[in-house]
Amino acid sequence: TLIGLGVGLAYVYSVVAVAAPGLFPPELRMHGGEVGTYFEAAAIIVTLVSVGEVMQLRAMGQTSQAIRQLLSLAPAMALRIENGVEKEIPLSEVRVGDRLRVRPGEKIPVDGSVVEGSSNVDESMVTGEPLPVPKRPGDRVVGGTVNAKGGFVMRAERIGSDTLLARIVHMVGEAQRTKAPVQRLADKVAEYFVEVVVAIAILTALAWFFSGPEPRLNYALVNAVAVLIIACPCAVGLATPISITVAMGQGALNGVLFRSAEAVEKLRDVDTLVVDKTGTLTLGKPVLTDLGLENSSLEENEALRLIASLERASEHPLAQAIVQAAEKRGVPLSPVEGFNSVTGQGVEGRVAGHRVTVGSRRYMERLGGVPAALADKSIFAAIDGRVAAGLTVADPIKQTTPEAVSALHAEGIRIVMLSGDSRKTAEAVAKLLGIDEVIAEVLPEQKVERIKELQAQGRVVAMAGDGINDAPALAQADVGIAMGTGTDVAIESAAVTLVKGDLRAIVKAIRLSRATMRNVKQNLFFAFVYNALGVPIAAGVLYPVFGLLLSPIFAGAAMAMSSVSVVTNALRLRRVRL
């Protein structure tokens, strides 16, 4: 608008000067008597602005490079196995349930799980983790990631827009169209910007016309046009969205998905991180960590065979952990007769001619109690009426959790563990990891109240969780962070999603948020300072002292470069170390 006004004004003046020079009195003519024209200035200004637009568009095109990189990950073809015959088909023809072969070095076509073979898969393009991940039968694989040297057969489970890659691209695209609170302030300023600059241009023209040297009309026109052209609302308008766009793309490449621009801005201020224990700090999959025998003639594998055979008939997660441990060791399981389950106590039945009972300490009291040698175990097994074995089943801490906790502390974040487990269990995990505060024995519906209590203390709270029971707390927190390995309900309730479910990604997200908001402030500072200095210089404030005036041509070049410089500064976010 401002450039159009300035160039149009200069062009119309020049046309009138050529077509009807007699309309201009002597005092408005140049020193040689001719009327000044500005065709060349108008043309050069338009050219410079166009060149600036091209440079700006090229730079802005790079802000979406992350999305283009993600889109390019999906392969065009897939190798489907039908009746033992392998056939290459377009990706669009893959259906849920198809068996697909993935050869060494190929990209995985869709999301699914391995059914045959094994390999290592490079998932860095969607998780940001550089090390290849081992994949065995039963493990999940993500479309667009790269298979290494091994080959395997997978079952297609999510195709088209349901794949993780498609959902990431969609989520980032949607988020980039949202506005951060700081951007609304810039937009408010830009609303009144044009009116204010037009008013300044009019005042400049009047001041030069009535108080300037001869030819006064020429000076008035040139300086008014310079004011209109140098003022740049574009830089103000671009300052925030361009940085947010780059940041969201970088987040996606590092396994961090922001649902909105507001989440990017809010995460910078977080000083307290509330984490759920199960599935967030730990794997969320109980495993058998210890098996002890009490003066039994049974071998350890034989005892495990009897116990796991009985537990196979139970649906309890701890029972499944024991069964999986037996399968991992290659221990063959036997059928169970007379299986009986006592809710909250244990199970019993006959396995291979032995009467086997597995359960809690209280359940063992009717069989004479737990021997002292097994007192430190959590689950007990009696064989033929005598307590003979004790087992410890635990939910192991993720390998990356200690490193993540240390990094969060280094960023000045206080960590609070919110868990429904017993206080003893929760405090043991917290002590091991160095967590600052433990809130244990909390029911799902009480988690929201705990978050509110922390917020009432003046804390800016982020909550990280992965389950359906975490969804209300994720929504209540200032910033909800969902583990990508968790439930869809939790992911929908959160402002940030970690693709891999690794807490280290929270550190990356916080660093990216802080770097982004620094970048936004730099852009806004530059945009406002540029206009605060440029408009008065264009109006001629330096003329009385230094005799200097700013040509509209230089004003056009300066305006174009101001927008380019804002975009270029935002692109520095692509090199931020996370």
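At what angle do α14 and α19 pack, and how far apart are their axes?

1. What you're looking at. This is a predicted model, in which local features need pLDDT of at least 70 and side-chain atom pairs count only at pLDDT 80 or more, while totals for chains, interfaces and linings use all residues. Residues are numbered from 1 along each chain as its sequence is written, and side-chain values use heavy atoms, with hydrogens and water left out.

2. The overall picture. The chain has 21 helices and 22 strands; helices (H or I, at least four residues) and strands (E, at least two) are DSSP runs, numbered from the N terminus. Of the 578 residues, 47% count as buried, where buried means under 20% relative accessible area, exposed over 50% and partly exposed in between, with a 1.4 Å probe and protein chains only. If you take contacts between residues at least 6 apart in sequence, 65% of them join residues at least 24 apart. Contact here means heavy atoms within 4.5 Å.

3. Back to the opening question. α14 and α19 pack at about 25°, and their axes are 8 Å apart. Axes are lines fitted to C-alpha atoms, for helices over the stretch in contact, and angles run from 0 to 180 degrees between N-to-C directions. The two helices are therefore roughly parallel to each other; the cut-offs are under 35 degrees for roughly parallel, over 145 for roughly antiparallel, 65 to 115 for roughly perpendicular, and oblique for the rest. On the α14 side you'll find Glu403, Ala404, Ala407 and Leu408, which meet Arg504, Ile506, Val507 and Ile510 of α19. Sorted by class, that contact has 6 nonpolar, no polar and 2 charged residues. For the classes, Ala, Val, Leu, Ile, Met, Phe, Trp, Tyr, Cys and Pro count as nonpolar, Asp, Glu, Lys and Arg as charged, and the others, Gly among them, as polar.

4. The buried face of α14. In this helix (residues 401-410), the buried residues are Thr401, Ala404, Val405, Ala407 and Leu408. Looking down the axis, they fall within an arc of 165°, so they line one face of the helix; the arc is that of the directions from the helix axis to the C-beta atoms. An α-helix has 3.6 residues a turn, so residues three or four places apart point the same way. Their cover includes β11, α10 (277-281), β18, α15 (423-433) and α19. Just past the end of α14, Gly412 has a positive phi of about 80°.

5. α16, for comparison. Which residues of helix α16 (residues 447-456) are buried? They are Lys447, Val448, Ile451 and Leu454. Their arc around the axis is only 120°, which puts them on the same side of α16. Among the elements that cover them are β11 (272-276), β18 (414-418), β20 (461-465) and α17 (471-476). After α16 comes Gly458, with a positive phi near 90°.

6. α7 against α19. Helix α7 (residues 216-230) packs on α19 (residues 504-539) at an angle of about 165°, with the axes 8 Å apart. The pair is therefore roughly antiparallel. Asn223, Ala226, Val227 and Ile230 of α7 make the contact with Tyr530, Asn531, Gly534, Val535, Ala538 and Ala539 of α19. That gives 7 nonpolar, 3 polar and no charged residues.

7. α8 against α19. The axes of α8 (residues 233-253) and α19 come within 8 Å and cross at roughly 160°. These two helices are therefore roughly antiparallel as well. The α8 residues in the contact include Ala235, Val236 and Ala239, and those of α19 include Leu512, Thr516 and Asn519. By class, the contact has 11 nonpolar, 8 polar and no charged residues.

8. Two single residues to check. Val189 sits in helix α6 (residues 181-211) and is partly exposed, at 29% relative accessible area. Val189 and Gly237 are 48 residues apart in sequence, with their C-alpha atoms 9.0 Å apart. Arg99 belongs to strand β3 (residues 99-102) and counts as partly exposed at 33% relative accessibility. Outside the four places on either side in sequence, Arg99 has contacts that include Leu79, Val115 and Met154.
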